[in-house]
Amino acid sequence: MVGKPKVELKGPTWRFRFNRLGTPGLGERVLIYDALFVATSPDVVLKEVRLSLMGMPLAKLTGFHRKVPSR
């Protein structure tokens, strides 16, 4: 991670952004990770992650996390 991550919490939405340096094959270029988590219910969070390089979008991932009951 390069520098401090940027974290925001607004209601059910949590945003986490950070830069990453030294990715293999990219030399000293910085990748930007931008993750957005939105609580849709007490046990489910929707997640969207965007990855960019020098301001150009590279990838987008959408998924969810669900709390699994303890055994």
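Mentor: A polar contact is a pair of N or O atoms within 3.5 Å; within protein, one must be able to donate a hydrogen and the other to accept it, and residues adjacent in sequence count only if both atoms are side-chain atoms. This is a predicted model: local features need pLDDT of at least 70, side-chain atom pairs 80 or more, while totals for chains, interfaces and linings use all residues. Numbering starts from 1 along each chain as its sequence is written, and side-chain values use heavy atoms, without hydrogens and water.

Trainee: Which side chain joins that of Asp-34 in a polar contact of 2.5 Å?

Mentor: Start from strand S3, where Asp-34 is found (strands are DSSP E runs of at least two residues, numbered from the N terminus). At 2.5 Å, its side-chain partner is Arg-15.

Trainee: Is Asp-34 buried or exposed?

Mentor: Asp-34 has a relative accessible area of 17%. Buried means under 20%, exposed over 50%, partly exposed in between (1.4 Å probe, protein chains only). Therefore Asp-34 is buried.

Trainee: Which residues is Asp-34 in contact with, leaving aside neighbours within four places in sequence?

Mentor: Contact means heavy atoms within 4.5 Å. Asp-34 then touches Arg-15, Phe-16, Arg-17, Glu-48, Val-49 and Arg-50.

Trainee: Over how many bridges do S3 and S4 pair?

Mentor: Pairing needs at least two DSSP bridges between strands. S3 and S4 form a hairpin with two residues between them, and Ser-41 stands opposite Val-44. Their antiparallel pairing runs over 10 bridges.

Notes:
Helix = DSSP H or I, 4+ residues; strand = E, 2+ residues; numbered from the N terminus.
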